[in-house]
Amino acid sequence: MALSGAGGEKGAIENGKLTAEAAGAKFVLARTAPRSPAELQKPPPGAVVLLPYEPGKAPSLDEWTNGAWQASADGSMTVAKGDNLTKRRFGDFQLHLEFRLPFEPQGKGQGRGNSGVYIFGLYEIQILDSFGVEPEVHQCGAVYTQTPPRQNACFPPGCWQTYDITFRAPRFDADGKKAADAAVTVVQNGVTVQDKTPVRGPTGAARGKPEVKSGQIRLQDHQHPVKYRNVWIKELKD
Ligand code: MG
């Protein structure tokens, strides 16, 4: 792609490099993509592989309830036609997942690369294109509508990002009354954005639903072609 400026500047974007000449000087900028230290992390012993990752191979969607989501030869699964739930239920757990957001420059706010990890279908850890914005309760890394991320750890859209989520389910007494809130730690791209954050109750659209001690993991369809890959989960014992 050729570039030109009103002052006679010229350049090109080719093979991952931007070369340009302006005011008698030449420069070259290489395309860079940040990488998470947790990218392609292997499942530990005892983990359930929810979405196996093998480069060049479409993953099996056997662990998921919504067959409309697309498995691709790049090893990923893409959001389509409704939320997608795990077939299995989990209590306390450690979850690893990787996501890649589409580049949607026309979108604004919640309309760019929106998806989410709905724990038990009740508590959403937001997934959104929040690159470069102020952390708040609707942004990526937030416990949606409750707690903003401690800092913005987002990569630009088009990069693979990682979530490592450690979740402690709410506790109930003998009468079924909640004795302790759920708590969540979220590490995004190697940065702790939630640290044992109490989850006071269901978030966003799930508000008012009864809380439970175990449930499915639900990935949100918010009509954005977000990709997921290398998803595994390990149950944690007290
Ligand atoms: Mg969402």
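L3 is partly exposed, with a relative accessible area of 32%, where buried stands for under 20% relative accessible area, exposed for over 50% and partly exposed for values in between (1.4 Å probe, protein chains only). This residue sits in strand β1 (residues 2-4); strands (E, at least two residues) and helices (H or I, at least four residues) are DSSP runs numbered from the N terminus. Together with M1 and I13, L3 makes a nonpolar surface patch of about 280 Å². Patches draw on residues with over 30% relative accessible area and no salt bridge, with nonpolar side chains (Val, Leu, Ile, Met, Phe, Trp, Tyr) joined within 5 Å and like charges within 9 Å. The accessible areas come from the Shrake-Rupley method with a 1.4 Å probe, and for residues only the protein chains shown count as cover.

The model is predicted, so local features need pLDDT of at least 70 and side-chain atom pairs count only at pLDDT 80 or more, while totals for chains, interfaces and linings use all residues. Residues are numbered from 1 along each chain as its sequence is written, and side-chain values use heavy atoms, with hydrogens and water left out.

Turning to the chain as a whole, 18 strands and zero helices are found. The C-alpha trace spans about 80 × 35 × 30 Å along its principal axes, and 46% of the 238 residues are buried. P44 belongs to the loop between β4 (25-30) and β5 (48-51) and is partly exposed, at a relative accessible area of 25%.

Charged pairs come next. Side chains of opposite charge can pair when their charged atoms come close. Twelve salt bridges are found in a search of the whole structure, each being a side-chain nitrogen of Lys or Arg within 4 Å of a carboxyl oxygen of Asp or Glu. One of them joins the side chains of R229 and E98, at 3.0 Å from N to O. Because R229 lies in strand β18 (residues 227-235) and E98 in strand β9, this pair ties together parts that are 131 residues apart in sequence. Both partners are buried: R229 has a relative accessible area of 5%, and E98 has 0%. The pair also belongs to a network of salt bridges that links R35, E39, E98 and R229.

Another salt bridge is formed by the side chains of D92 and R171, at 2.8 Å from N to O. Here too distant parts of the chain are linked, with D92 in the loop between β8 (84-85) and β9 (93-100) and R171 in strand β13 (residues 171-172), 79 residues apart. D92 is buried, at 12% relative accessible area. In the salt bridge between D181 and K178, the N to O distance is 2.6 Å. D181 is partly exposed at 31%, and K178 is partly exposed at 27%.

A pocket, on a 1 Å grid over the protein atoms alone, is an open set of points with protein on both sides within 12 Å along at least five of seven lines, and its lining residues have an atom within 4 Å of a point. Grid points are joined across faces, edges and corners, and a volume is the space filled by probe spheres set on the points. The largest pocket holds about 250 Å³, and R35 and E39 are among its lining residues, as are F103 and W160. Its lining has seven nonpolar, two polar and three charged residues; Ala, Val, Leu, Ile, Met, Phe, Trp, Tyr, Cys and Pro count as nonpolar, Asp, Glu, Lys and Arg as charged, and the others, Gly among them, as polar.

The second largest pocket has a volume of about 160 Å³, and its lining includes D92 and R171. Two or more lining residues come from each of β12 (160-168) and β15 (182-188). By class, this lining divides into four nonpolar, two polar and six charged residues.

Finally, the backbone deserves a look. Most residues other than glycine have a negative phi. N189 has a positive phi of about 50 degrees; this residue lies in the loop between β15 and β16 (191-199) and is buried, at 6% relative accessibility. N230 also has a positive phi, near 45 degrees. N230 is found in strand β18 and is buried at 7%.

Technical notes
On a 1 Å grid over the protein atoms alone, a cavity is a set of points where a 1.4 Å probe fits but cannot get out, and a pocket is an open set with protein on both sides within 12 Å along at least five of seven lines; lining residues have an atom within 4 Å of a point.
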